Structure formats: C-alpha cells, structure tokens
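Please have the sequence and the fold open side by side as you read.

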Amino acid sequence: MANVTQRHKFSKHRGNESDRKPRDGKFIRKPKKFVKQTKVLVEKHMRFPGVYVSRGKEDSLCTLNMVPGMSVYNEKRITVETNDEKKEYRIWNPYRSKLAAGMVSGCENVYMGPGSKVLYLGAASGTTVSHVSDLVGTSGVVYAVEFSQRSGRDLVNLAKKRPNIIPIIDDARYPQNYRMLVPIVDCIFSDVAQPDQARIVGLNAKYFLKSQGGVVMSIKANCIDSTKKAESVFADEVNKLRKDDIKPKEQVSLEPFEKDHAMVLGVYRPKDI
C-alpha cells in the first residue's frame, strides 16, 4: 500500500518543470515571449485628400477609420498614437478595390475628398464604398447604388454603422427611379460590369452631376466586348463618354491588380450651360 500511495503522490506533480511547486512555495513562471513591433508612420497622401500612406516594411494606402474597432472585410487595421490621441487606419488593398488600384497605378485626381458628395454606381457589398465613406468623412455623403438584392443586404448593414452611406437598391440604368433620393453630386464613380456602362454613366451625369464634376469609370474589357482587344474597347468607351459631354482627362491601366481593366477619369461639361 505504501508503494501505491507514493506513486499516487508522484503523479500529482508530473508535468512540465514550470508546473511544479518548489519547497519555498513560489511558482516558477514561464518567461514571456515578446514580439518586436515595428513602428509604422502614417502620413497624408500627396495627391489624394482624405487618403493616407502607411510607411513601414511595406508602404500601403489607408483611410482613417470612421468606426474605430470595426473592420468591413477583415482588412488589416493599424493604430497610431500621436499627442495622446489614438487614431485607427484601415489598409486599402488595391487587389480588392479598383479605386485603390487606380490610385496606385498613377492617376492624378479622383475628384473626391473630405466633404464630397459621391454617387457610387455598382456598390456591391460595400468594400470600396466603406473606404470612400472614410475618405469623404462625416461632412460628406456616399450615395451607393446596387442592383443585386443579396449584395444590397450587406450594403444596408454597412450603412447602419456608417451614417454617411445612403444605400439605394435599384438599377443604375434607370436613374429616374432614385432621383428623389440623390441631389447634385461632386463626383460619379462607376464599377458597373455592363456592356452599356458608358451610357449608364452619361445618363446619371445628366441627372445628378454638377458642371465640372468628376467622373471615374472602371472598365472591364471582357464585359463590353470579348472579341476585341482591350485597348480597342477602352478607346471606344472614351469616345462614348465624349458624346455624353464628359471630357476624358486620364486613362490608366489597372494591371497587375486587375487583368484587362482600365480606369478613365474625366470632367463633365454639359453644352447647355
């Protein structure tokens, strides 16, 4: 019996050395593992108001999070403390957002900034819309139009947390349906994968875009005409915009972020004004 009792007592103390209790009554603590944190510097973008650049191991675009502590699509967030004030920024991935891809690809002006009113055509579930919401800030508004009911539900849920997003679940081909919801805006951004995208943008511009307002259109060549070369499709779309009183200013390729994609940026100049 004595041997059995002794084995039972020994089994109580079996385990790692750090789990055993020495005679002096003090526990042995495991050494803590310290992860070396690299300092990240966040500074304002030189060309785009409301957009920031995080300088670290890899430079990346980011926007000031309007809802700190919450992410939209599991994007990376960084917190910077300056003058006893903490600010949270959301990394803007150009592989997930065509607007960010256009900025990285070298466009000069996106015609939106803090306080802007933006009409966003083809909002989907709100990935890029959320960053535009950060960009325009509390004094700006994003009117997000999306036709899909499923993506529209995600967009409505996003708008519940971000009061400067107005979700519109409707067809962008019929802007008269939402003319009572959208005022005159400063910029139209379009990511509508439709063959008549240029016509859709021109029609919405006549309804809502101010004179000298900006137009930013993402073009997917395969959605317009898969039989032509991408460069030819882009040239045709630019000509269509000219017929709708939109003067193209820039055209940038979105590769390597998006294959056979280009972004056309221009200014609306109606003839009757």
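Helices (H or I, at least four residues) and strands (E, at least two) are DSSP runs numbered from the N terminus, and two strands count as paired if DSSP finds at least two bridges between them. With that in hand, the open sheet of seven strands reads 8-7-6-9-10-12-11, with mixed pairing. Its edges are strand 8 (165-169) and strand 11 (246-253), each of which pairs on one side only. From one strand to the next, the twist averages 15°; axes here are lines fitted to C-alpha atoms, for helices over the stretch in contact, and angles run from 0 to 180 degrees between N-to-C directions.

This is a predicted model, in which local features need pLDDT of at least 70 and side-chain atom pairs count only at pLDDT 80 or more, while totals for chains, interfaces and linings use all residues. Residues are numbered from 1 along each chain as its sequence is written, and side-chain values use heavy atoms, leaving out hydrogens and water.

Let us look at strand 10 and its two partners.

| Pair | Sense | Bridges |
|---|---|---|
| Strand 9 (residues 185-190) and strand 10 (residues 209-220) | parallel | five |
| Strand 10 and strand 12 (residues 261-268) | antiparallel | seven |

Between strands 9 and 10, the chain passes through helix 5 (residues 197-208), making a right-handed β-α-β crossover. Right-handed means that, with the strands pointing away from the viewer, the path from the first strand over the helix to the second runs clockwise. Val-215 of strand 10 is the bridge partner of Ile-188, and Val-215 also stands opposite Gly-266 in strand 12. Phe-189 has Val-216 in strand 10 as its bridge partner.

Helix 5 packs on the sheet, touching strand 6 (117-121) and strands 9, 10, 11 and 12, and its direction makes about 160° with that of strand 10. Contact means heavy atoms within 4.5 Å.

Now for the second largest pocket, which holds about 460 Å³ of space. A pocket is an open set of points on a 1 Å grid over the protein atoms alone where a 1.4 Å probe fits, with protein on both sides within 12 Å along at least five of seven lines; lining residues have an atom within 4 Å of a point. The volume is the space filled by probe spheres set on the points, which are joined across faces, edges and corners. Its lining has 26 residues, with Gly-122, Ala-123, Ala-124, Glu-146 and Asp-191 nearest the centre.
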